[in-house]
Amino acid sequence: MTWVVILSIVVVSALKILITCLPTPVIKWLVGKFELHRSLNMDAEITVGGEEIKGAEKEELIANFNKGTFLKKYYIHPGSERYFLYPEGEETPIKVDFIEGKKRVSLWLYVYRDHIDVIKQYSEKMIAYSIYSNELQSGMLAE
(Lines give C-alpha, C1' and ligand atoms only; values in the text may rest on other atoms or scores of the structure.)
Protein backbone atom coordinates (compact mmCIF):
# COMPACT_ATOMS: atom_id res chain seq x y z
CA MET A 1 0.00 0.00 0.00
CA THR A 2 2.79 2.42 0.83
CA TRP A 3 4.53 1.85 -2.47
CA VAL A 4 1.34 2.84 -4.34
CA VAL A 5 1.23 6.18 -2.51
CA ILE A 6 4.96 6.79 -3.06
CA LEU A 7 4.72 5.83 -6.75
CA SER A 8 1.71 8.12 -7.29
CA ILE A 9 3.55 11.02 -5.61
CA VAL A 10 6.58 10.45 -7.85
CA VAL A 11 4.44 10.30 -11.00
CA VAL A 12 2.45 13.42 -10.12
CA SER A 13 5.67 15.29 -9.24
CA ALA A 14 7.29 14.28 -12.53
CA LEU A 15 4.22 15.47 -14.47
CA LYS A 16 4.22 18.77 -12.60
CA ILE A 17 7.90 19.35 -13.38
CA LEU A 18 7.40 18.40 -17.04
CA ILE A 19 4.43 20.74 -17.45
CA THR A 20 5.98 23.73 -15.67
CA CYS A 21 9.43 23.39 -17.27
CA LEU A 22 8.70 22.77 -20.93
CA PRO A 23 11.60 23.14 -23.36
CA THR A 24 11.87 26.37 -25.36
CA PRO A 25 10.94 24.83 -28.76
CA VAL A 26 7.73 23.43 -27.27
CA ILE A 27 6.84 26.82 -25.77
CA LYS A 28 7.52 28.58 -29.11
CA TRP A 29 5.31 26.05 -30.90
CA LEU A 30 2.47 26.52 -28.39
CA VAL A 31 2.69 30.32 -28.54
CA GLY A 32 2.87 30.21 -32.35
CA LYS A 33 -0.39 28.27 -32.50
CA PHE A 34 -2.26 31.21 -30.93
CA GLU A 35 -0.22 34.07 -32.40
CA LEU A 36 -2.32 36.40 -34.53
CA HIS A 37 0.31 38.79 -35.96
CA ARG A 38 2.97 36.46 -37.35
CA SER A 39 6.23 37.53 -38.94
CA LEU A 40 6.52 37.34 -42.71
CA ASN A 41 9.49 35.84 -44.53
CA MET A 42 10.97 36.78 -47.89
CA ASP A 43 8.95 34.08 -49.72
CA ALA A 44 5.84 36.26 -49.50
CA GLU A 45 4.45 37.79 -52.68
CA ILE A 46 3.57 41.48 -52.25
CA THR A 47 1.42 43.37 -54.75
CA VAL A 48 0.03 46.88 -54.82
CA GLY A 49 -2.60 47.57 -57.46
CA GLY A 50 -1.67 44.44 -59.39
CA GLU A 51 2.05 45.28 -59.58
CA GLU A 52 4.42 42.98 -57.70
CA ILE A 53 6.94 44.60 -55.37
CA LYS A 54 10.46 43.13 -55.40
CA GLY A 55 13.96 43.84 -54.17
CA ALA A 56 14.89 46.34 -51.48
CA GLU A 57 11.39 47.82 -51.28
CA LYS A 58 9.95 44.37 -50.55
CA GLU A 59 12.59 43.69 -47.88
CA GLU A 60 11.89 47.04 -46.22
CA LEU A 61 8.12 46.52 -46.28
CA ILE A 62 8.43 43.04 -44.74
CA ALA A 63 10.88 44.25 -42.07
CA ASN A 64 8.59 47.15 -41.13
CA PHE A 65 5.53 44.86 -41.04
CA ASN A 66 7.36 42.39 -38.79
CA LYS A 67 8.33 45.21 -36.41
CA GLY A 68 4.69 46.30 -36.16
CA THR A 69 2.97 46.30 -32.79
CA PHE A 70 -0.36 44.53 -32.43
CA LEU A 71 -3.11 46.94 -31.29
CA LYS A 72 -6.46 45.16 -31.29
CA LYS A 73 -8.52 42.47 -32.97
CA TYR A 74 -11.82 43.26 -34.69
CA TYR A 75 -14.82 40.98 -34.58
CA ILE A 76 -16.23 40.24 -38.04
CA HIS A 77 -19.95 39.59 -38.00
CA PRO A 78 -21.08 36.86 -40.41
CA GLY A 79 -22.14 38.47 -43.68
CA SER A 80 -20.08 41.63 -43.20
CA GLU A 81 -16.81 40.26 -44.58
CA ARG A 82 -16.96 42.36 -47.75
CA TYR A 83 -17.03 45.60 -45.71
CA PHE A 84 -13.68 44.65 -44.19
CA LEU A 85 -12.13 43.50 -47.47
CA TYR A 86 -13.37 46.41 -49.56
CA PRO A 87 -13.94 49.47 -47.34
CA GLU A 88 -15.60 52.39 -49.10
CA GLY A 89 -13.42 55.29 -50.21
CA GLU A 90 -10.14 53.52 -49.54
CA GLU A 91 -7.13 53.40 -51.78
CA THR A 92 -5.70 50.20 -53.20
CA PRO A 93 -4.50 47.97 -50.37
CA ILE A 94 -1.19 46.18 -50.11
CA LYS A 95 -1.83 42.48 -50.75
CA VAL A 96 0.53 39.90 -49.28
CA ASP A 97 0.26 36.21 -50.24
CA PHE A 98 2.25 33.51 -48.45
CA ILE A 99 2.05 29.90 -47.32
CA GLU A 100 1.66 29.20 -43.61
CA GLY A 101 2.08 25.50 -42.92
CA LYS A 102 -0.15 23.84 -45.51
CA LYS A 103 -2.50 26.81 -45.96
CA ARG A 104 -2.37 29.64 -48.49
CA VAL A 105 -2.86 32.92 -46.61
CA SER A 106 -3.68 36.38 -47.98
CA LEU A 107 -3.21 39.62 -46.07
CA TRP A 108 -4.71 42.96 -47.09
CA LEU A 109 -3.05 45.99 -45.49
CA TYR A 110 -4.96 49.29 -45.34
CA VAL A 111 -2.60 52.06 -44.19
CA TYR A 112 -3.93 55.01 -42.16
CA ARG A 113 -2.14 57.80 -40.27
CA ASP A 114 -2.52 56.23 -36.82
CA HIS A 115 -2.74 52.48 -37.56
CA ILE A 116 -2.76 49.78 -40.21
CA ASP A 117 -5.77 47.52 -40.64
CA VAL A 118 -4.80 43.95 -41.51
CA ILE A 119 -7.31 41.51 -42.95
CA LYS A 120 -6.04 37.93 -42.84
CA GLN A 121 -7.88 35.40 -45.00
CA TYR A 122 -7.26 31.69 -45.31
CA SER A 123 -9.56 28.85 -46.33
CA GLU A 124 -13.00 30.11 -45.39
CA LYS A 125 -11.88 32.10 -42.34
CA MET A 126 -11.23 35.82 -42.11
CA ILE A 127 -9.57 37.67 -39.22
CA ALA A 128 -9.21 41.44 -38.90
CA TYR A 129 -6.85 43.31 -36.59
CA SER A 130 -4.88 46.50 -36.46
CA ILE A 131 -1.17 47.12 -35.95
CA TYR A 132 1.04 50.15 -35.44
CA SER A 133 4.23 50.49 -37.50
CA ASN A 134 5.50 54.06 -37.70
CA GLU A 135 8.03 53.29 -40.47
CA LEU A 136 5.48 51.48 -42.65
CA GLN A 137 2.80 54.13 -42.13
CA SER A 138 5.06 57.10 -42.87
CA GLY A 139 6.65 55.34 -45.87
CA MET A 140 3.36 54.32 -47.49
CA LEU A 141 1.57 57.62 -46.85
CA ALA A 142 4.47 59.57 -48.36
CA GLU A 143 4.15 57.76 -51.71
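Reader: Which loop holds Ile76?
Author: This is a predicted model, in which local features need pLDDT of at least 70, side-chain atom pairs count only at pLDDT 80 or more, and totals for chains, interfaces and linings use all residues. Residues are numbered from 1 along each chain as its sequence is written, and side-chain values use heavy atoms, without hydrogens and water. Helices (H or I, at least four residues) and strands (E, at least two) are DSSP runs, numbered from the N terminus. Ile76 sits in the loop between β3 (69-74) and α4 (81-85).

Reader: Is Ile76 buried or exposed?
Author: Buried means under 20% relative accessible area, exposed over 50%, partly exposed in between (1.4 Å probe, protein chains only). Ile76 has 13% relative accessibility, so Ile76 counts as buried.

Reader: What separates the C-alpha atoms of Ile76 and Ala128?
Author: Ile76 touches Ala128, and also Glu81, Phe84, Met126 and Ile127, leaving out residues up to four places away in sequence. Contact means heavy atoms within 4.5 Å. Ile76 and Ala128 are 52 residues apart along the chain, yet their C-alpha atoms are separated by 7.2 Å.

Reader: Within what arc do the buried residues of α3 fall?
Author: The buried residues of α3 are Lys58, Leu61, Ile62, Asn64 and Phe65. They line one face of the helix, because seen down its axis they fall within an arc (directions from the helix axis to the C-beta atoms) of 165°.

Reader: Which residues have the most contacts inside the largest nonpolar core?
Author: A nonpolar core is a set of buried Ala, Val, Leu, Ile, Met, Phe, Trp, Tyr and Cys residues joined through side-chain atoms within 4.5 Å. The largest has 21 residues, and those with the most contacts inside it are Phe65, Val96 and Val118.
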